[in-house]
Amino acid sequence: MTQLILGLLVSIVGQSPQATIDCCEMTVTQELPSGMPTLLRVTVTNLRNSPVTLFTTSAELDFRFQVTGSDGKMPPLTEYGRTQLNGERRGSRINVELRKGESKTQVADLRKLFRLTSGEYAVSL
């Protein structure tokens, strides 16, 4: 049985699974009910009184994930990961307007970007 263990480090301002910048709060959790430790749920909530506009494509592209194995190295990128992370991004952007207190949640699958084998990985966002 293959086992993947992911540790989360969110860095917008702080280093916790919940970080805040002056307009929004970002919360990251693992999608454990699915049994897939490579799935991360990222939620952005507007804290301002005025609307905030997010430009979204897919969670894998909207956030910058840094993954390192227990050896301290980044795992190899998938073909998709190479094209998307090296500036060849494709796809439509959708504008999402969030009023105060509203949230946008996306689920990212790290296997789309990285070739992950069994082991432990640290993930920062």
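**Figure 1. Met36, at 27% relative accessibility, counts as partly exposed.** The term has neighbours on both sides: buried is under 20% relative accessible area, exposed is over 50%, and partly exposed is in between, using a 1.4 Å probe and protein chains only. Before we go further, please note that this is a predicted model, in which local features need pLDDT of at least 70 and side-chain atom pairs count only at pLDDT 80 or more, while totals for chains, interfaces and linings use all residues. Residues are numbered from 1 along each chain as its sequence is written, and side-chain values use heavy atoms, with hydrogens and water left out. Met36 sits in the loop between β3 and β4. Helices (H or I, at least four residues) and strands (E, at least two) are DSSP runs, numbered from the N terminus. Along the chain, 73 residues separate Met36 from Asp109, yet their C-alpha atoms are 8.9 Å apart.

**Figure 2. The whole chain has two helices and nine strands.**

**Figure 3. Confidence in the chain is lowest in strand β1 and highest in strand β8.** Strand β1 (residues 4-9) has a mean pLDDT of 46, and strand β8 (residues 103-109) has 91. This score is the predictor's confidence in each residue, from 0 to 100. Averaged over the chain, pLDDT is 77, and 75% of the residues score at least 70. Residues 1-17 have a pLDDT below 50, and in the model this stretch has 49 contacts beyond near neighbours in sequence. Where pLDDT is low, the predicted coordinates should not be read in detail.

**Figure 4. The largest nonpolar core brings together 24 residues.** A nonpolar core is a set of buried Ala, Val, Leu, Ile, Met, Phe, Trp, Tyr and Cys residues joined through side-chain atoms within 4.5 Å. Which residues have the most contacts inside this core? They are Met26, Phe63, Phe65, Val67, Leu110, Phe114 and Leu125. The elements giving two or more residues to the core are β3 (24-30), β4 (39-46), β5 (52-56), β7 (94-98) and β9.

**Figure 5. Tyr121 is found in strand β9 (residues 119-124).** Is Tyr121 buried or exposed? Tyr121 counts as buried because its relative accessibility is 9%. A polar atom of the Tyr121 side chain lies 3.0 Å from the backbone nitrogen of Thr117. Lys73 is 48 residues from Tyr121 in sequence, and the C-alpha to C-alpha distance between them is 9.5 Å.

**Figure 6. Thr45, in strand β4, meets two cysteines, Cys23 and Cys24.** Thr45 has 15% relative accessibility, so Thr45 counts as buried. Leaving aside neighbours within four places in sequence, Thr45 is in contact with Cys23, Cys24, Glu25, Gly101, Glu102 and Ser103. Cys23 counts as buried because its relative accessibility is 11%, and Cys24 is buried too, at 6%. How many disulfides are there? The count is zero, where a disulfide would be a pair of cysteine sulfur atoms within 2.5 Å.

**Figure 7. Thr27 belongs to strand β3, and Thr53 belongs to strand β5.** Thr27 is partly exposed, because its relative accessible area is 24%. Thr43 lies 16 residues from Thr27 along the chain, and 5.2 Å separates their C-alpha atoms. Thr53 also counts as partly exposed, at 40% relative accessibility. What does Thr53 touch, not counting residues up to four places away in sequence? The partners of Thr53 are Asn95, Val96 and Glu97. With Asn95, the C-alpha separation is 6.4 Å, although Thr53 and Asn95 are 42 residues apart along the chain.

Terms used:
A polar contact is a pair of N or O atoms within 3.5 Å; within protein, one must be able to donate a hydrogen and the other to accept it, and residues adjacent in sequence count only if both atoms are side-chain atoms. Contact means heavy atoms within 4.5 Å.
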